[in-house]
Amino acid sequence: MPPAPALARTEREYAAARSARSGELAVVMTMGALHEGHASLIRAARDRVKNGRVAVTVFVNPLQFGAGEDLERYPRTLEADLRLAAEAGADVVYAPAVEEVYPGGEPQVRITAGPMGERLEGASRPGHFDGMLTVVAKLLHLTAPDVAFYGEKDAQQLALIRRMVRDLNFPVEIVGAPTVREDDGLALSSRNRYLAPAERTTALALSRALFAGREALTTADGGTGATPAAVRAAARAVLAEAARLDPPPALDYLALVDPADFTEIAGDHTGEAVLAVAAKVGATRLIDNVRLTFPGPPAPPTPDTHAGGPA
C-alpha cells in the first residue's frame, strides 16, 4: 500500500504539504466520492509530473447546486477518498471546509460563465457554471498548480474552464482526460450509486444512444457520408426505444454541438463535435457525451497526367 497522502484542511496546511517536495505540480479537482474515473485522472497527473507533486482537492461546492438539487445527500467519503488517492499516486489531498473556501459566506464577486454557460447544462441548472468557475478559480489560486486535470465526461465544464483560463490569463495548463466507463458502457459517476437496479438498466440507454450516433458517423460511406442529422437521428432512435423501459429516462437534452462554444452544429459542419445527453433516471440526473470528428468533403481525384497522351 503506498504511503497515505498528506491531508490538508486549511490553506496553511496545504502550503506546508506543497513545499515538502519540489518539481512540477499537478492538481486534480474533485467533489469527493472518488471512483476509478478520478483515479485515472490522478494517475495521468502522476505520469505527467513524474517525480513532481500531485495534489487532489476534495470540496463539495455549494455554489454549484441549485434549489432542489442534491447538495445535502451528495456523498462524503473522505476516508475512502484518501485510500484511493494514495493508490493512484497523490501526494496531498486538500479537503477544506466551506468556511475555509468562502470565509465571508457566499462570495459577492463571482466568475460569470457567459453565453456558453447558459446552454445545455447551464439552461437546465441556472447559475451552475458561475458557481463552478468561481470555485475552480479560487482553487487554482489556492493550489497554484502548473497543470490541472479534468475529465472529458463533463465536457461543457472542461470547455468553460479552458475558456476562463485563456480569457483571464491563468498561468496553468488545462488537460482533459478521456471518460472512464464501466464494462457495460455506463460512464463512471459519483451519482451512479444512487441508481436502483432497474434504474441502472435504464441509465445504460444514455451511453447506447451516444454510441449509436458515433456508429452512424463512422460507418456511413467509410465515415465520410454521415450528416449531423443522421447522427442525431441514430441517437434519438435509441432513446425512443428506452422510453418503453420502467422507469423510462426523463430526457433533458440530446445535442450535437461545437466544442468551442457548445452551439448546435449545422449540416455543413466539419471537424470536432460533441454529442451530449442528459436525463433523469428516477431521482438521479446523469450526463454523458462522446467526441466526434466530421470529415470534410473528399478531395477531388488527381488527374492522371500520363494517360491518353500521344504514343
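Modeller: Start with a term: helices (H or I, at least four residues) and strands (E, at least two) are DSSP runs, numbered from the N terminus. The model is predicted, so local features need pLDDT of at least 70, side-chain atom pairs count only at pLDDT 80 or more, and totals for chains, interfaces and linings use all residues. Residues are numbered from 1 along each chain as its sequence is written, and side-chain values use heavy atoms, with hydrogens and water left out.

Now the backbone. Phi of Ala33 is near 50 degrees, a positive value in a residue other than glycine. Ala33 is also buried, at 0% relative accessibility. Buried means under 20% relative accessible area, exposed means over 50%, and partly exposed is in between (1.4 Å probe, protein chains only).

Next, a neighbour. His38 belongs to helix H2, which spans residues 36-49. With a relative accessible area of 12%, His38 is buried too. Contact means heavy atoms within 4.5 Å. Leaving aside residues up to four places away in sequence, His38 touches Thr30, Gly32, Ala33 and Ser190.

Compare Ala144. Its phi is also near 50 degrees, again positive in a residue other than glycine. Ala144 lies in the loop between helix H6 (128-143) and strand E5 (147-151). At 42% relative accessibility, Ala144 is partly exposed, whereas Ala33 is buried.
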